[in-house]
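This report walks through one structure for a reader who has not seen it before. Please keep the sequence and the 3D view at hand while reading.

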Amino acid sequence: MAAASRACRSSSGSNNSVAAVSAFLSAHGLLPVVSYISARADADPTLMKPHPHLVRRALVELAAVAERTVLVGDSLSDIEAAKAAAVLSVGYANKPGKAERFPAVGADVVVTRMSDLISAL
């Protein structure tokens, strides 16, 4: 089944502020397709990724099931947060050396181009 025909919701998770993430998504025309922004809102830095707090918050807000959720991340802390929250993880290796590091922290899949993401899922 084509991914476009599947019912899905998306969330953006970031250690940046909600305002910063909203501005980025808006600047790139992505804000309308993001259902929820799970970003740093707490003053407690221990809740930032790799802590699973932001991922778990997104799961609750989207009423999503961890086993049917995928986190696509471009940092090792993203993959660590995904593992800690028991969601599948895709490491987006957008820079040299990342493709080799993601499997070491448990990435389920590694892609080097976003165009490979759909076939990887």
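With which residue does D78 form a salt bridge? The partner of D78 is K49, and the closest N and O atoms of the two are 2.6 Å apart. The model discussed here is a predicted one. D78 belongs to helix α3 and K49 to the loop between β2 and α2, so this pair ties together parts that are 29 residues apart in sequence. D78 and K49 are both buried.

**Salt bridges**

Side chains of opposite charge can pair when their charged atoms come close. There are three salt bridges in the structure, and the table sets them out.

| Residue | Partner | N to O distance |
|---|---|---|
| D78 | K49 | 2.6 Å |
| K83 | D108 | 2.8 Å |
| R113 | D116 | 2.8 Å |

The side chains of K83 and D108 meet in one of these salt bridges. This pair links distant parts of the chain, with K83 in helix α3 and D108 in the loop between α4 (98-101) and β5, 25 residues apart. K83 counts as partly exposed, because its relative accessibility is 33%. D108 is also partly exposed, with a relative accessible area of 39%. In the salt bridge between R113 and D116, D116 has a relative accessibility of 22% and therefore counts as partly exposed.

**The sheet**

Three strands make up an open sheet, in the order β3-β4-β5, and their pairing is parallel. β3 (70-73) and β5 (109-111) are the edge strands; each has a single partner strand, so one side of each has no neighbour in the sheet. From one strand to the next, the twist averages 20°.

How many bridges join β3 to β4? There are four, and β4 covers residues 88-92. Within this pairing, V72 has V90 of β4 as its bridge partner. On the β5 side, three bridges join β4 to β5, and these two strands run parallel. Here G91 has V110 of β5 as its bridge partner.

In a regular strand the side chains alternate between the two faces of the sheet. Is S89 buried or exposed? S89 is buried, because its relative accessible area is 1%, and the cut-off for buried is under 20%. Leaving aside residues up to four places away in sequence, S89 touches L71, I79, A82, K83, G106, A107, D108 and V109. Among these contacts are both K83 and D108, which are joined to each other by a salt bridge.

**Helix α3**

Helix α3 (residues 76-84) lies across β3 and β4 and runs at about 175° to β4.

Which residues of α3 are buried? They are D78, I79, A81 and A82. These residues cover an arc of only 160° around the axis, which means that they lie on the same side of α3. The elements that cover the buried residues of α3 include α2, β3 and β4. I79 and A82, two of the buried residues of α3, are also among the residues that S89 touches.

**Backbone details in the loops**

Most residues other than glycine have a negative phi, and most peptide bonds are trans.

The peptide bond between K49 and P50 is cis, with omega at about 25°. P50 is found in the loop between β2 (36-40) and α2 (53-61). K49 is in that loop too, and is the salt-bridge partner of D78.

A63 is not a glycine, yet has a positive phi of about 50°. The loop between α2 and β3 holds A63. A63 counts as exposed, because its relative accessibility is 63%.

A86 follows α3 and has a positive phi, near 65°. A86, too, is a residue other than glycine, and is placed in the loop between α3 and β4. With a relative accessible area of 51%, A86 is exposed, as the cut-off for exposed is over 50%.

Terms used. Residues are numbered from 1 along each chain as its sequence is written. This is a predicted model: local features need pLDDT of at least 70, side-chain atom pairs count only at pLDDT 80 or more; totals for chains, interfaces and linings use all residues. Side-chain values use heavy atoms; hydrogens and water are left out. Two strands pair if DSSP finds at least two bridges between them. Axes are lines fitted to C-alpha atoms, for helices over the stretch in contact, and angles run from 0 to 180 degrees between N-to-C directions. Contact means heavy atoms within 4.5 Å. Buried means under 20% relative accessible area, exposed over 50%, partly exposed in between (1.4 Å probe, protein chains only). The arc is that of the directions from the helix axis to the C-beta atoms. A salt bridge is a side-chain nitrogen of Lys or Arg within 4 Å of a carboxyl oxygen of Asp or Glu.
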